[in-house]
Amino acid sequence: MFIAKCSLLGGCCLPERSLVQPNYVKTLSKNHRRLRISRFYTGLLAVPIFFHTIYHMNYRSNIFDEGGVTSDQNMNHVKIEIGSVGENPNEREDIVFIFHVGPPKSGTSTIQSDLSQPKIKNLLRQDNYEYIGHNKGVLSHKRLLRRNETSGRIEFSAEFKDVISEQRKIGRNVLGSDERYWNLCPEKAEEWRKMFSKLHIVLTYRRTHSFLPSVWNQNFKNKREKGNPPSSHKDWPGINHDYRIPSFPEHFAKVYYEKPFPHLVRTSYNYWKKYADRFTLVNFHEEDPTTNFLCKAVIGANNTCALMRIKKKEAQEFPSTVKNPSVNLDYDMVAVHAYEIGLVHRTHRRRAVARAVQEHAAATGISFPQKCLDTRELDHLYRRSLADEAWAQSMFGEWGAGPSRSDAPSMSIDADVDLLGAEELAEFNADWKNSKEQGKFCSVDVFETLKQKKWRKFFKTKFKERAS
């Protein structure tokens, strides 16, 4: 299941390399014994502090709720009170940290690219927010939270703490975005809770029938090899660990069909719900991703929201481009199948053959035969997507949904579908129909394609012989 592939989607809390080394564990054993003794006595002192914290919970919660949220901002997102947390040890009046954690393939790359524009960052500062970037900055998941070799504890990087300290000094709220934190182990999530007494988690919901083809494309448009960054498919299958790209129907049958696959938004909510003061669920299918995010999730950013909507409407000043787009994998799949049945000599480069296939198809207007999900698979995907839609709609609205509906969301494929209103169901069905018409659930049928004489002639003429 794709959600278990931490190397692609990130966030999983795996043991640090140094912690599985016997010598390192041995050197830490004495320190750990001292820490356990220290924590025992600290626990005795914690009892009165606990009751003091309980006494002040409502006070802090009321302060956090004074966000100046407009009725327009309240539409299609939800505030879920998870429970107040302890005061930040460094600050009594803490800043708000809004953390957009994805999940992947829900417009995150586009949002991050747009928020990095100087004009948008300046607008956010006028609304008392500082955007601190995503994975390439201080939020880098490789160095943000590391284990201290002396204490054995997980700690934030000095760089991150310095950035937050600067914002606390001037009382400015902080905004960050990184989909690699869509899931987090309890030990690391607890550090977030300790760092910020006002932690607001933002998730973006994308319908399952739109999400799964996008994830498939993301998985396979580049070669993914354990321990190495993604790279293009340069070699034929079996050479330098490269491989054949499976079609979407093939992938769906293997990974999803008649198997439970909870939506990443639901999974992410369950990861974070114990550690955040506030959640917002943003609808991917409204407006452009960045404007929707700023207007629905960044509480109090009224000036930024208003100006973004005006400028977007007039197509001025803030051009938004889709980052990390899907690519057509049909050309590579045809090239690889031609290679596998002996129509392409191994001396020809994979990328060059795939590019030639694309150019020939464009020049001749030839369309590929398609293989799509069958009736049973379509029915399974539709019902799964509809169940997730019902869950998401229960989380949207004017602060209407509480955690009682969402703490342990049912994975039943028909769960709560009857709760969708007629308008919501009609909108969902229109989007489903559009996805089918656009061929989102299909891939090239390579077997039928290479039965055609015109394609066999193309490969025999250009690639059958050794490359010169």
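Which residues of strand 6 are buried on one side, and which on the other? Leu-199, Ile-201, Leu-203 and Tyr-205 are buried on one side, and His-200, Val-202 and Thr-204 on the other.

The model is predicted: local features need pLDDT of at least 70, side-chain atom pairs count only at pLDDT 80 or more, and totals for chains, interfaces and linings use all residues. Residues are numbered from 1 along each chain as its sequence is written, and side-chain values use heavy atoms, with hydrogens and water left out.

**View 1. Strand 6 is covered on both faces.**
Helices (H or I, at least four residues) and strands (E, at least two) are DSSP runs, numbered from the N terminus. In a regular strand, side chains alternate between the two faces of the sheet.

**View 2. Five strands make an open parallel sheet in the order 2-5-1-6-7.**
Two strands pair if DSSP finds at least two bridges between them. Strand 2 (129–131) and strand 7 are the edge strands, each pairing on one side only. From one strand to the next, the twist averages 20 degrees.

**View 3. Strand 1 pairs with strand 6 and with strand 5.**
Strand 1 (residues 97–100) runs parallel to strand 6 over 4 bridges. Another 4 bridges join strand 1 to strand 5 (residues 173–177), also in the parallel sense. Phe-99 stands opposite Ile-201 in strand 6 and opposite Gly-176 in strand 5.

**View 4. Strand 6 pairs with strand 7, and helix 10 lies across both.**
The parallel pairing of strand 6 with strand 7 (residues 278–283) has 6 bridges. His-200 stands opposite Arg-278 in strand 7. Helix 10 (residues 264–272) lies across strand 1 as well as strands 6 and 7, at about 170 degrees to strand 6. Axes are lines fitted to C-alpha atoms, for helices over the stretch in contact (heavy atoms within 4.5 Å), and angles run from 0 to 180 degrees between N-to-C directions.

**View 5. The second largest pocket holds about 330 Å³ of space.**
Of its 14 lining residues, Lys-221, Asn-328, Asp-332, Arg-351 and Ala-354 are the closest to the centre. Helix 13 (330–340) and helix 14 (350–364) are the elements that give two or more residues to the lining; helix 14 gives the most, with 4 residues. A pocket is an open set of points on a 1 Å grid over the protein atoms alone, where a 1.4 Å probe fits, with protein on both sides within 12 Å along at least five of seven lines; lining residues have an atom within 4 Å of a point. The volume is the space filled by probe spheres set on the points, which are joined across faces, edges and corners.

Key. Buried < 20%, exposed > 50% of the residue type's maximum accessible area, 1.4 Å probe, protein only.
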